[in-house]
Amino acid sequence: MTDASANVSEQAMYRSHARYYDLIYQWKQYHEEATRLHEILAAEGVGGEEMVLEAACGTGAHLRHLREWHRVSGFDLNVEMVGLAREALPDVTIFQADMTRFAVPEPVGAVLCLFSSIGYVYPRDRLDAAARCFAGAVRPGGVLVIEPWLDPAAFMDGFPNMDTYTDDDLKLCRMVVSRREG
């Protein structure tokens with residue numbers, strides 16, 4: 001979910017609060033999303049025997065479900081997220097890498113970059129480098145799925161958003177106010 005170009009406070013938030021990541025995003029329908037991804041991959045000819053690699057895999061929440069149908073692997077820049085993904089998926093190869101500078105030992109059937117993680121790759125030269133890495137990782141005829149951020153026309157400057165989690169022992173709140181720079 002993170003990339004080296006994200007600002008320092010974003011990076012620090014993901015590092016120091018990685019253990020809360022899945023709680024604050026508990027509303028995400030990972031199984032349903034993974035099911036839809038499997039359908040897309042199958043329709044594009046990516047079979048269950050082929051490796052599916054998730055860039056910026058975070059805690060591995062999508063991979064947990066995708067492995068119902070595919071061999072999976074993933075990477076993230078954030079060492080804490082990698083550790084959590086490895087704990088959740090001890091039999092899956094999870095490694096630390098930057099989307100702009102990674103390589104795989106052999107091409108995979110599909111590369112996924114989900115939950116708007118690509119939005120952390122800027123400026124443009126870094127985005128181009130990530131695209132080259134993605135192209136080098138996927139086999140000829142393979143599939144690349146990138147879930148983008150908002151279309152610029154849909155962006156609402158100053159829009160406040162809040163995600164919360166609560167139980168008897170813990171209360172979390174993640175608040176963001178969107179702003180446009182450049």
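User: How many aromatic pairs does the count come to in this structure?

Analyst: This is a predicted model, in which local features need pLDDT of at least 70, side-chain atom pairs count only at pLDDT 80 or more, and totals for chains, interfaces and linings use all residues. Residues are numbered from 1 along each chain as its sequence is written, and side-chain values use heavy atoms, with hydrogens and water left out. Rings of Phe, Tyr and Trp (its six-membered ring) pair if their centres lie within 6.5 Å; planes under 30 degrees apart count as stacked, over 60 as edge-to-face and the rest as tilted. By this rule, the count is three aromatic pairs. One of them joins F75 and F95, whose ring centres are 5.3 Å apart and whose planes meet at 25 degrees, so the pair is stacked.

User: Where do F75 and F95 lie?

Analyst: Helices (H or I, at least four residues) and strands (E, at least two) are DSSP runs, numbered from the N terminus. F75 belongs to strand β2 (residues 71-76) and F95 to strand β3 (residues 93-96), so the pair ties together parts that are 20 residues apart in sequence.

User: Are F102 and F134 buried or exposed?

Analyst: Buried means under 20% relative accessible area, exposed over 50%, and partly exposed in between (1.4 Å probe, protein chains only). Both F102 and F134 are buried. Ring pairs link F75, F95, F102 and F134 into a cluster.

User: How many salt bridges does a search of the whole structure find?

Analyst: Side chains of opposite charge can pair when their charged atoms come close. A salt bridge is a side-chain nitrogen of Lys or Arg within 4 Å of a carboxyl oxygen of Asp or Glu. The search finds seven salt bridges. One of them joins R139 to E50, with the closest N and O atoms 2.4 Å apart. R139 lies in strand β5 and E50 in the loop between α3 and β1 (51-55), so this pair ties together parts that are 89 residues apart in sequence. R139 is partly exposed, at 22% relative accessible area, whereas E50 counts as buried at 15%.

User: Which residue forms a salt bridge with R124?

Analyst: The partner of R124 is D128, and their closest N and O atoms are 3.0 Å apart. Both residues lie in helix α6, four residues apart, about one turn of the helix. R124 is exposed, with a relative accessible area of 61%, while D128 is partly exposed at 31%. Elsewhere, salt bridges that share partners join D98, R101 and R126 into one network.
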